[in-house]
Each structure stands twice: as C-alpha cells, then as structure tokens.
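Subject: Structure handover

Hello,

Please find the structure below. My notes on it follow.

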Amino acid sequence: MNKAGERLYNGIVKENPTLVLMLGMCPTLAVTTSAVNGLGMGLTTMVVLALSNLIISLLRNIIPDRVRIPAFIVIIASFVTVVQLLLEAYIPFLNKALGVYIPLIVVNCIILGRAESYAYSNPAIPSLFDGIGMGLGFTLALTVIGLFRELLGAGEIFGYDILPGNLEPIRIFGQAPGAFFVLAGLVALQNYVKNGRKKAGKPYEKIGSGCSEDCMNCKDSKGCTKRFYDESKPSKAAKKTGAGEPEVLDLDREDK
C-alpha cells in the first residue's frame with residue numbers, strides 16, 4: 001500500500017479518531033442528533049484538518065519548536081474562520097445547527113494531535129492525506145452515530161420518515177444519553193470485529209497514531225517520550241562539549 005493510501009486507511013479504519021482513538025468526543029456527542037449534522041460537522045472538520053496539516057507540514061522547518069503550539073492554533077483558526085464564513089454564506093441552516101461547535105474546531109484534539117504527532121514531522125503530501133483520512137474517519141463515525149440517533153429518536157433518516165406511523169420513536173436517542181448509548185454500541189461492535197480477527201489468527205494491527213508505536217498498549221508513564229526523545233541527535237550542550245548526549249525535544253525544559 002502506498003503512503004497516501006496507508007494514511008487514508010489508517011484514518012478511516014485502523015486509527016479512526018472517534019471509534020478507536022476516542023478523540024473529539026465533544027462534537028461527537030453534541031451535534032450528532034441527525035445524520036445531516038454529523039455529516040456537516042465531519043466534512044467541515046476534514047477540510048480544516050487536511051489544509052492545516054498541509055500548511056503545518058510545509059512550514060515545519062520554519063516554525064520554531066518553542067512556539068509550535070501557538071503557531072498551530074493560528075493556522076487552524078485561520079482555516080476555521082474561512083470555513084465558518086463560507087457556511088454562513090452558502091449553508092446557513094447547517095451553520096445555525098452546528099452553532100458554537102464550528103469555532104471550537106480550533107481546539108479540537110484531533111486536529112492539534114495530528115499537527116503535533118504527524119504533520120510537524122512528515123512531508124506535505126502524506127500529511128495532507130493523513131488529514132483527509134482522519135477527517136473521513138471522523139465524518140464516517142459522526143454520520144453513522146447521527147443515522148442511528150435520528151432513526152431511533154425521530155423515526156427519520158436525513159429528514160425522511162422511515163418508521164411506520166404506529167411505531168413510536170425512542171425519544172431518549174435524540175437527547176444527550178442517546179449519544180452515549182450509540183457511541184458505546186459502535187465501539188463495542190468494532191472491538192468485537194477486532195477480537196474476532198485476532199481469534200481467527202489474522203495479524204493484530206497496532207495503533208500508532210503517527211509514531212509507529214502501539215499507543216493502546218503503551219507502558220510509557222511519562223507520555224510519548226519516544227517522539228520527544230531523539231537518540232540520533234545530540235543536544236546543543238553535547239555539541240559544545242563533544243559528548244554524545246541525545247537531544248531532548250521536550251520543549252518545556254529549560255536550556256542550561
């Protein structure tokens with residue numbers, strides 16, 4: 001599988017941000033009262049994610065390490081503003097339905113996470129497809145959750161009546177608890193399929209999220225030190241002394 005195809009597959013299936021990595025739960029639970037809302041939120045996030053990944057990757061050698069997070073937020077906020085203005089102009093009903101959750105895309109942990117873990121350390125084209133793949137995975141998950149909630153809670157799919165008139169919808173699925181019920185069911189289903197593949201002897205797919213390590217079974221109590229501790233690069237102090245001390249990429253430390 002080529003690099004672009006691998007990033008698309010990872011985002012949709014292997015590292016699905018909602019059903020596997022459990023990221024972006026706030027919009028997932030809040031806006032999926034209907035399939036249209038889920039689809040709109042997912043596609044909006046995908047556009048911002050793909051474009052921000054591309055720009056951050058292109059600027060990765062220019063953005064200083066110590067200000068990378070503020071730089072990421074500025075880039076993401078710029079695209080969110082453009083997308084929101086376009087929604088206000090051309091799809092006002094969707095903009096009204098999504099409400100405050102469009103500006104909150106700026107701090108969506110999926111976008112910041114992919115910028116930090118993948119786009120900031122990889123070339124532009126794979127980063128673009130990583131954003132598209134993660135965005136499609138997010139869109140798929142939100143749309144499916146919205147389909148179930150709309151069908152069970154209102155008897156409709158994309159606004160069209162589905163249930164016969166003598167069947168009463170389960171109204172709780174249109175409310176906050178319904179989002180948890182549907183999400184739990186989908187996560188349980190994907191775990192069931194994954195466990196079935198393991199029992200059938202098919203290879204277990206590790207969840208790497210960009211660093212090629214198994215995040216789900218990671219024993220690193222400090223958190224992602226493999227990404228911030230590069231043994232191949234000597235530190236600035238080591239360069240001065242000639243020592244071989246590896247460079248610690250944790251940006252919160254003070255240079256001595």
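What pattern does the protein chain follow when read along the sequence? The pattern is α-α-α-α-α-α-α-β-β-α-α-β-α-β, from 10 helices and four strands. Helices (H or I, at least four residues) and strands (E, at least two) are DSSP runs, numbered from the N terminus.

This is a predicted model, in which local features need pLDDT of at least 70 and side-chain atom pairs count only at pLDDT 80 or more, while totals for chains, interfaces and linings use all residues. Residues are numbered from 1 along each chain as its sequence is written, and side-chain values use heavy atoms, with hydrogens and water left out.

Confidence

The mean pLDDT (the predictor's confidence in each residue, from 0 to 100) of the protein chain is 81, and 78% of its residues reach 70 or more. Over residues 225-256 the pLDDT is below 50. Beyond near neighbours in sequence, that stretch has 40 contacts in the model, where contact means heavy atoms within 4.5 Å.

Whole chain

Of the 256 residues in the protein chain, 38% are buried. Buried means under 20% relative accessible area, exposed over 50%, and partly exposed in between, with a 1.4 Å probe and protein chains only. Among contacts with a separation of 6 or more, 66% join residues 24 or more positions apart.

Cores

A nonpolar core is a set of buried Ala, Val, Leu, Ile, Met, Phe, Trp, Tyr and Cys residues joined through side-chain atoms within 4.5 Å. The largest one has 18 residues, and Met-41, Val-48, Val-80, Leu-98, Ile-105 and Ile-111 have the most contacts inside it. At least two residues of this core come from each of α3 (35-58), α4 (68-90), α5 (92-98), α6 (109-117) and α7 (124-154). The largest share, four residues, is supplied by α4. Not counting residues up to four places away in sequence, Met-41 touches Pro-27, Val-31, Leu-98, Tyr-101, Ile-105, Phe-138 and Leu-142. There is also a second, separate core of 11 residues, which includes Leu-29, Ala-141, Val-182 and Leu-186.

Helices α3 and α4

These two helices pack at an angle of about 145°, with their axes 9 Å apart. Axes are lines fitted to C-alpha atoms, for helices over the stretch in contact, and angles run from 0 to 180 degrees between N-to-C directions. On the α3 side, the contact is made by Thr-44, Val-47, Val-48, Leu-51, Ser-52, Ile-55 and Ile-56. On the α4 side, Phe-72, Ile-75, Ile-76, Phe-79, Val-80, Val-83 and Leu-87 take part.

Loop residues

Two of the residues I looked at lie in the loop between α1 (3-14) and α2 (25-30): Thr-18 and Gly-24. Thr-18 is buried, with a relative accessible area of 0%. Leaving out residues up to four places away in sequence, Thr-18 touches Leu-23, Met-25, Thr-28, Phe-138, Ala-141, Leu-142 and Leu-183.

Gly-24 counts as buried at 4% relative accessibility. Apart from neighbours within four places in sequence, Gly-24 is in contact with Asn-108, Cys-109, Ile-110 and Phe-138. Gly-24 and Cys-109 are 85 residues apart in sequence, but 6.0 Å apart in space, C-alpha to C-alpha.

Asn-122 is in the loop between α6 and α7. Is Asn-122 buried or exposed? At 15% relative accessibility, Asn-122 counts as buried. Asn-122 touches Ser-57, Arg-60 and Ser-127, not counting residues up to four places away in sequence.

Regards
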